[in-house]
Amino acid sequence: MENKEINFGFLRARRLYPSKMPFPEKMKIAHYTNLDGLIGIVRERGFWLSEHRCLNDLVELESGKKIAISVLKKFGTVDCDSTFRDILHSAAAKLSKHQFLPLYICSFSKDLDSLALWRGYAKNGKGVSIVFDYDPGNMFFTTLPHMRAVDVFYKNKDKERICNEIIKIFLDEYNKDIKNNDPPVLDDWLKDKWITDLAEGLLYVCVSFKHEAFSSEKEVRVIAYNEKDFNGLEYRTVKERIVPYINSARLYKGHDEYEKGDVQLPISKVIIGPTANQNEMNKSIEKFLKDHNYSEVRVCSSNIPFRE
């Protein structure tokens, strides 16, 4: 069984569906945080990825799952054989009962100086926007298979399109198996593999879905799937809650270039939020960055005017 399994269509589909979530293109992205967050990111050369169940986005993940279930049910009415139609319906049932395994998320934005984001994520403007030169090949954002960056999708038509594309991949690979008579009959084990892999493929893309009301955030997410890859969980307090998180810096322990300090975060600039004491903050941040070998990083103030 193991020698032949590599030919199974569900395995080919599993290799293909990540292509429907392409890496964001090279661009500048910003992480909004307070001064303690800036210190931690620079000192450790890594990000804190919080468990999704402790974030506001949990509802968004569940709503994304509902879209995937709806697409599965609609797809079941198109021209496919009864066995694949059963796979679609069973995958929908599996998704409806499935609880997301812990995911770990760090959020960035394509909007480098946003009033809404200052208010929501940077201590009401008293924090900073750390601007990075994002590159999909940079290990700080993407280290496969442990961690990767994804664009967030806001419009339902885009979410439905991606779900349809995932299902179409599985259907095409299923039809190849049928055409090649390989295997001639799906036993219960094989059928369950198709159902499980299709459901997991759709869950894989749901982590990039968010309600259209938040489209102004222009979010890019860095997502990790297994805390064991990062030497386990750590904990911090957020708004009177204890939030589990993983530290991406733990992924690079043992890498010679990282350990020697030869690899620096691709920080482009640090923007100070619209607050009253921008000059004092500017001087302190410049000194801190210089002391940590980021003397070339520009520190500037937000273009948004300060209001009492």
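Q: Good. What should I know about the model itself?
A: This is a predicted model, where local features need pLDDT of at least 70, side-chain atom pairs count only at pLDDT 80 or more, and totals for chains, interfaces and linings use all residues. Residues are numbered from 1 along each chain as its sequence is written, and side-chain values use heavy atoms, with hydrogens and water left out.

Q: Okay, is the crossing of helix 5 over helix 8 left-handed or right-handed?
A: Helix 5 passes helix 8 in a right-handed crossing. Their axes come within 9 Å and cross at roughly 55°; axes are lines fitted to C-alpha atoms, for helices over the stretch in contact, with angles from 0 to 180 degrees between N-to-C directions.

Q: And which residues of the two helices make the contact?
A: Helix 5 brings T83, D86, I87, L88, S90, A91, K94 and L95, while helix 8 brings K191, W194, I195, T196, L198, A199, L202 and L203. Contact here means heavy atoms within 4.5 Å.

Q: How does helix 5 sit against helix 7?
A: The axes of helix 5 (residues 82-97) and helix 7 (residues 156-179) come within 11 Å and cross at roughly 150°. That makes helix 5 roughly antiparallel to helix 7, on a scale where under 35 degrees is roughly parallel, over 145 roughly antiparallel, 65 to 115 roughly perpendicular and the rest oblique. T83, F84, I87 and L88 of helix 5 meet I167, F170, L171 and Y174 of helix 7.

Q: Back to helix 8, how many residues does it have?
A: Helix 8 (residues 188-206) has 19 residues and reaches 27 Å from first to last C-alpha, close to the 27 Å expected at 1.5 Å a residue. That expected span is 1.5 Å times one less than the number of residues.

Q: Now the backbone. Where is the cis peptide bond?
A: It joins L144 and P145, with omega about 0°. P145 is in the loop between strand 4 (128-134) and strand 5 (147-151).

Q: Which residue has a positive phi although it is not a glycine?
A: N231, at about 60°, in the loop between strand 6 (219-224) and strand 7 (234-238). Most residues other than glycine have a negative phi, and most peptide bonds are trans.

Key:
Helices (H or I, at least four residues) and strands (E, at least two) are DSSP runs, numbered from the N terminus. A crossing is left-handed if the near helix is turned anticlockwise from the far one by less than a right angle, and right-handed if clockwise.
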